Amino acid sequence: MFEYIWLVPLFPLIGFLLIAFNFRRFKGIAAGVTASVMVLIPFLMSLVLFSNLIAGAPARTVELFSWISFDKLSIPFSFLVDRLSVLMLLIVTGVGFLIHVYSIGYMKEDAGFNRFFSYMNLFVFFMLLLVLGSNYLILFIGWEGVGLSSYLLIGFWFKNQEYNNAAKKAFIMNRIGDLGFLLALFILIKTFGTLNFDGIFAQIATVPIRTSTITIITLLLFAGAIGKSAQIPLFTWLPDAMAGPTPVSALIHAATMVTAGIYMIARSNLLFVMAPATLMTISVIGIATALMAGAIAIYQNDIKKILAYSTVSQLGFMFVALGSGAFTGAMFHLTTHAFFKALLFLGAGSVIHALHGEQDIRKMGGLKDKIPVTFWLFLIGTLAIAGIPPLSGFFSKDMILLGAFHINPVLWILSVIAALMTAIYMFRLLYVVFWGKAAVAENPKHPIHESPYSMTIPMAVLAILAVFGGLLGVPHLFGGDDRIQSFLAPQFSASESLIKRGETVAEGHTELWLMIIPLILILGLIFLVHARFVKNRSIVQGEPKRSIFANLAYRKFYVDELYRQFFERPVTSLSSFFHDVIEIKIIDRVVDQTGVLVVWIGRNIRYMQTGNVGAYLFYMVISIILILFFNLFNK
Amino acid sequence: MQNLQIIPLDYYIFFCSALFAIGVVGVLVKRNALVIFMSIELMLNSANLLLAAFSAYRNDPAGQIFVFFIMVVAAAEVAIGLALLVMIYRSTHTIDINVLNKLKW
């Protein structure tokens with residue numbers, strides 16, 4: 001089975017090429033079905049691989065061909081099949097398949113149906129390349145490739161200029177991070193002479209390398225992760241990326257692509273544990289992002305924007321886990337987050353679908369009875385993300401909180417606050433959308449309707465996963481056997497033992513209290529939110545009066561405006577300076593004057609062309625004689 | 001071979017230079033296109049003769065091969081050149097090159 005791993009990314013690629021080159025031949029939902037099958041087959045293969053690994057098969061590197069080879073550097077085109085990559089394979093293909101099926105229903109009436117599915121398959125192909133690559137360069141190809149597909153899908157409705165701008169913003173902000181990634185690759189080649197994961201990690205253990213070098217490498221890699229996984233300071237592209245169709249937001253901007261940064265750092269865990277300073281930075285940026293995005297999410301009114309900031313916040317959580325050295329916790333939360341956030345996005349898509357494109361939650365309300373299936377599935381997603389036991393979010397979030405507590409109790413407290421924010425914004429969203437009375441009367445021409453089965457069934461599957469996904473990692477405390485920990489142990493045990501933990505080690509009762517305290521707070525907050533948005537439902541249309549903090553959060557802490565002021569405007573004015581002065585006044589003038597000079601010379605010396613053959617012969621002979629003399633004296 | 005070397009090589013060189021110079025002067029001073037043409041042939045043949053002479057003195061047949069090539073090329077050139085002259089004469093009734101000065105500036 002392992003030898004055929006190259007088939008896994010091949011199928012989505014074939015799907016992309018098939019659809020892209022037979023654009024007009026695919027009629028109806030044919031393209032959607034083709035694309036879904038092309039993701040289903042890799043999913044089934046991943047399941048087989050997964051069961052092989054569970055049965056004890058060792059990790060393997062499958063080399064397809066030698067790709068780049070010169071001097072001492074050799075980069076093979078090879079795939080690494082180990083527990084980490086197979087876990088990611090399952091998420092990407094599994095959630096990807098469900099979202100493909102959902103999209104058949106969601107995009108049915110869109111004119112760009114075929115184009116949409118060709119892009120989606122292209123994305124899955126690059127994502128699989130990213131998780132399967134056995135060296136940083138293949139990972140980087142996938143990394144850039146998913147960025148491209150993300151750009152294409154954000155700007156999917158390219159007739160809207162605002163959507164195009166959002167796509168460009170996502171692409172450019174990712175490039176900033178990618179520059180760091182690329183620099184890290186160069187330093188890795190210089191330091192280790194290879195880009196292969198096993199080669200680098202083997203050298204780390206044996207060859208002494210200066211900590212400062214590792215710190216620089218890991219910080220640069222982290223810069224790449226900041227861009228891709230939307231952390232401070234490069235997080236502003238993700239909320240704007242909601243311009244794309246909702247299934248895209250679910251697949252790319254919630255479940256898979258944005259977690260590439262987490263995956264990359266988890267993959268390089270041996271590098272990162274050698275650089276405590278980097279781990280510190282990751283924790284700080286992670287928690288800052290989680291808090292900031294959480295605060296913004298509480299005050300947003302666009303259903304997709306709320307979920308987008310929620311994603312940023314949850315990604316921040318995962319970075320906190322990575323910074324605390326709880327790599328398993330990060331991967332666990334990545335997995336469960338893929339389930340419930342995909343579910344929430346699909347649910348939001350279903351709501352938007354039912355309301356014919358309405359995204360402002362202030363105009364929604366009372367949907368509980370009108371679209372009951374969506375409501376129940378959305379409720380499950382909300383409970384899961386808020387961390388209500390025994391749904392999946394509770395266990396994964398608990399693992400992260402515990403990891404944070406082991407490093408520093410202050411980090412734990414901040415993480416708990418971020419978790420509380422999750423409960424607030426999610427339940428606010430739930431209550432405003434599904435309870436109460438609709439603020440806007442129903443349009444009789446377009447009645448509110450439940451989504452078709454092709455949309456609700458994938459959501460139901462995701463809901464089941466969101467409920468039971470947590471059972472992968474039930475801690476020993478509850479008599480669970482923490483399966484994800486033991487499954488990923490070969491990947492992370494070496495580095496997790498190297499983490500310097502604080503003196504606060506939680507065991508037994510402490511661990512239990514660490515779970516119960518946040519839970520009580522979350523439940524209490526849910527009641528407060530319930531009172532605010534259900535009992536005394538007062539949803540102000542337009543612009544209400546806000547406190548200073550609320551206004552700050554509502555305005556997204558003016559980050560976009562700050563960037564506009566400090567980066568965009570100087571660059572724009574520099575550009576216009578270069579255009580108005582350097583281009584117009586210097587370069588253009590030089591070019592024009594060259595032309596004028598040539599014309600002037602031509603006008604004056606054309607009289608040499610007398611038209612007299614004898615004269616020409618004379619010039620010729622004289623010239624030949626001159627050349628001969630010149631050669632004679634030049635000897 | 002022996003017969004050729006009875007005349008010293010210098011003589012050949014002087015003779016060919018003279019021939020070439022006559023050709024050049026002919027080209028420069030004559031107005032009749034046909035005569036200019038013949039002068040050019042003169043220059044070509046002076047070069048040919050020189051090649052043949054050197055070939056003989058250096059016992060290297062390559063020079064004579066060159067001569068054959070030059071003769072072939074010259075024949076082709078003469079064919080085209082004469083055809084041009086005939087055409088010019090038909091349209092202008094003259095082959096005086098000083099009259100043919102319409103193409104200028």
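Predicted model: local features only at pLDDT ≥ 70, side-chain atom pairs only at ≥ 80, totals over all residues.
**Entry 1**

I began with Phe557(A), which sits in the loop between helix 23 (548-554) and helix 24 (559-605) of chain A. Residues are numbered from 1 along each chain as its sequence is written, and chains are lettered from A and ligands numbered from 1 in the order in which they are written.

I looked up the backbone of Phe557(A) and found a positive phi of about 55°, although the residue is not a glycine. Tyr558(A) lies in the loop between helix 23 and helix 24 as well, and its phi is near 55°, again positive in a residue other than glycine. I recorded both since most residues other than glycine have a negative phi.

For burial I counted other C-beta atoms, placed from the backbone, within 10 Å of a residue's own: 20 or more is buried, 12 or fewer is exposed, and in between is partly exposed. Phe557(A) is partly exposed because it has 15 such atoms. Tyr558(A) has 12, and therefore counts as exposed.

**Entry 2. Cis peptide bonds**

I next looked up the peptide bonds, most of which are trans in general. Ile232(A) and Pro233(A) are joined by a cis bond with omega of about 10°. Pro233(A) is in the loop between helix 8 (211-228) and helix 9 (237-240) of chain A. A cis bond also joins Pro389(A) to Pro390(A), with omega of about 0°. I placed Pro390(A) in the loop between helix 17 (372-386) and helix 18 (392-407) of chain A.

**Entry 3. Chain A overall**

I counted 25 helices and 2 strands in chain A. Its C-alpha trace spans about 110 × 70 × 55 Å along the principal axes. Of its 635 residues, 49% count as buried. Among the contacts in chain A with a separation of 6 or more, 81% join residues 24 or more positions apart.

**Entry 4. Ile5(A)**

Is Ile5(A) buried or exposed? I record Ile5(A) as buried, because it has 26 C-beta neighbours inside 10 Å. Ile5(A) belongs to the segment before helix 1 (7-21) of chain A. Apart from neighbours within four places in sequence, Ile5(A) contacts Val62(A), Phe79(A), Val81(A) and Leu132(A).

**Entry 5. Nonpolar cores**

I defined a nonpolar core as a set of buried Ala, Val, Leu, Ile, Met, Phe, Trp, Tyr and Cys residues joined through C-beta atoms within 7 Å. The largest has 200 residues, and Ala342(A) and Leu343(A) have the most contacts inside it. Helix 19 (residues 409-434) of chain A gives the most to this core, with 17 residues. Domain 1 (1-134) and domain 2 (135-554) of chain A both contribute residues, so the core lies between them; the domain bounds come from an automatic or database assignment.

Beyond four places in sequence, I found Leu343(A) in contact with Leu377(A), Gly381(A), Met459(A), Leu462(A), Ala463(A) and Ala466(A). A second, separate core of 5 residues includes Val27(B), Ile36(B), Phe37(B) and Ile97(B).

Technical notes: Helix = DSSP H or I, 4+ residues; strand = E, 2+ residues; numbered from the N terminus. Contact = placed C-beta atoms within 7 Å.
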